[in-house]
Amino acid sequence: MRMRPTLSWIPAEDLPPGTTDPAPVVDALGAGGVLVLSGAGLSTESGIPDYRGEGGSLSRHTPMTYQDFTASARARRRYWARSHLGRRTFARARPNAGHRSVAAFGRHGLLAGVITQNVDGLHQAGGSEGVVELHGSLDRVVCLSCGVLSPRRDLARRLEEANPGFDPVAAGINPDGDADLTDEQVGDFRVLPCASCGGVLKPDVVFFGEAVPARRVEHCRELVRGASSLLVLGSSLTVMSGLRFVRQAALAGKPVLIVNRDPTRGDRHAAARVALPLGTTLTTVAARLGVPVDDGDGDGAHEST
């Protein structure tokens, strides 16, 4: 029987302290071959909250688990009502300086790849190519019966038609695109089946308690094997889906650098943790390397869902 997912982690007192000097990141990127692993903290400057930082959504919200979603029609109604509302915030989100910096590093041949734990599509909107979406994307919907993938925008249009006037005020938005609504606000929101077979629809993302597809994990492991170093951006590394790549890199003797203001579960495997805001840190690093970063004026609204 699958256990409930790990949602929190208490830092040990003997973790190495963070630094405010980004020089280790400058050195790693200057040498090239860096594999980026990003988490929810990279998108906070785009208006999407993270899970575990200061004011993170886990303080008020328990994410949907795969087990609850598949077992309960009521849970699915609650999820789709909240997600249908939350997509509007995601659609307005724009890539921030951190996303644009990562894209600039890639354009200048400094990266071995980008793996993201985020489902918001902001890396791609910021100009990065070949991004591995470890936890999937809110852009897509999958049928649990026939396996057909379809664009989220198509389902959104169908849900709008099936639930005219649905526009409650949410208490907040979470990193998975889930808006905070009460059961009363969810009401009798109408959930729609797969248009192909009538089966249950699920966003094409890895829920808490669900395994990342084995082929995707192996692809990420190959990227780690081919990289010179691993740069973690905005992830607490609480869940094993990301932490395993940190452990793999460290075991292989590859430097691990982390940029995260708070301690992470991977700190003891890292050469350094830079405890500074991501956007300013990455633009500072880019400036020291002479890598120009787009100013973002050309970024359009991000239609992520």
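# Strands, a covered helix and some cysteines

In this predicted model, V34, V36 and S38 point one way from strand 1 while L35 and L37 point the other way, and all are buried.

Q: How many of the residues of strand 1 are buried?
A: Strand 1 has V34, V36 and S38 on one side and L35 and L37 on the other, all of them buried. Strand 1 is therefore largely enclosed by the rest of the structure, and the count of buried residues is five of the five.

Q: Which residue is the bridge partner of V34 in strand 2?
A: Let's start with the pairing: strand 1 (residues 34-38) runs parallel to strand 2, with five bridges between them. Further along, L37 stands opposite I115. For V34, the partner in strand 2 is L111.

Q: And in strand 7, which residue is the bridge partner of V34?
A: Strand 1 also pairs with strand 7 (residues 229-233), again in the parallel sense and over five bridges. In strand 7, V34 has as its bridge partner S229.

Q: In strand 3, which residue is the bridge partner of T116?
A: Strand 2 pairs with strand 3 (residues 132-133) in the parallel sense, over two bridges. The bridge partner of T116 there is E133.

Q: How many residues of strand 2 are buried?
A: Strand 2 covers residues 111-116 and is mostly covered. It pairs with strand 1 over five bridges and with strand 3 over two. The buried count for strand 2 is five of its six residues.

Q: Which elements cover the buried residues of helix 4?
A: Helix 4 (residues 97-107) is mostly covered, with nine of its eleven residues buried. Those buried residues are A97, G98, H99, R100, S101, V102, A103, A104 and F105. Their cover includes helix 1 (23-31), strand 2, helix 5 (122-125), strand 7 and helix 10 (278-289).

Q: At the start of helix 4, which backbone nitrogen does a side-chain oxygen of N96 reach?
A: Look at the start of helix 4, where N96 brings a side-chain oxygen to within 2.7 Å of a backbone nitrogen.

Q: Which residue with a positive phi follows helix 4?
A: Helix 4 spans residues 97-107. After helix 4 comes a residue with a positive phi, near 70°, and that is G109.

Q: With which side chain does the side chain of H84 make a polar contact?
A: H84 is in helix 3 (residues 73-92), and it is buried because its relative accessible area is 2%, under the 20% cut-off. Leaving aside neighbours within four places in sequence, H84 is in contact with R152, A156, L159, E160, F166 and F189. The polar contact between side chains, at 3.5 Å, is with E160.

Q: Which backbone nitrogen does the side chain of N163 reach?
A: N163 is in the loop between helix 6 (152-162) and helix 7 (183-186), and at 9% relative accessibility it counts as buried. Not counting residues up to four places away in sequence, N163 touches F189 and R190. The backbone nitrogen that its side chain reaches, at 2.7 Å, belongs to R190.

Q: Is C194 buried or exposed?
A: C194 is in no disulfide, and the nearest cysteine sulfur, that of C143, is 3.7 Å away. C197 is partly exposed at 42% relative accessibility. C194 has 7% relative accessibility, so it counts as buried.

Q: What is the radius of gyration of the protein?
A: The protein has ten helices and nine strands. It is as compact as a globular protein of that length, because the globule rule for 305 residues gives 19 Å and its radius of gyration is close to that, at 19 Å.

Q: What share of the accessible surface belongs to carbon and sulfur atoms?
A: Buried residues make up 52% of the 305 residues. The accessible surface of the protein comes to about 13,700 Å², and the share from carbon and sulfur atoms is 49%.

Note on methods:
Residues are numbered from 1 along each chain as its sequence is written. This is a predicted model: local features need pLDDT of at least 70, side-chain atom pairs count only at pLDDT 80 or more; totals for chains, interfaces and linings use all residues. Side-chain values use heavy atoms; hydrogens and water are left out. Helices (H or I, at least four residues) and strands (E, at least two) are DSSP runs, numbered from the N terminus. Buried means under 20% relative accessible area, exposed over 50%, partly exposed in between (1.4 Å probe, protein chains only). A polar contact is a pair of N or O atoms within 3.5 Å; within protein, one must be able to donate a hydrogen and the other to accept it, and residues adjacent in sequence count only if both atoms are side-chain atoms. Contact means heavy atoms within 4.5 Å. Two strands pair if DSSP finds at least two bridges between them. The radius of gyration is taken over C-alpha atoms; the globule rule is 2.2 Å times the number of residues to the power 0.38. Accessible areas come from the Shrake-Rupley method with a 1.4 Å probe; for residues, only the protein chains shown count as cover. A disulfide is a pair of cysteine sulfur atoms within 2.5 Å.
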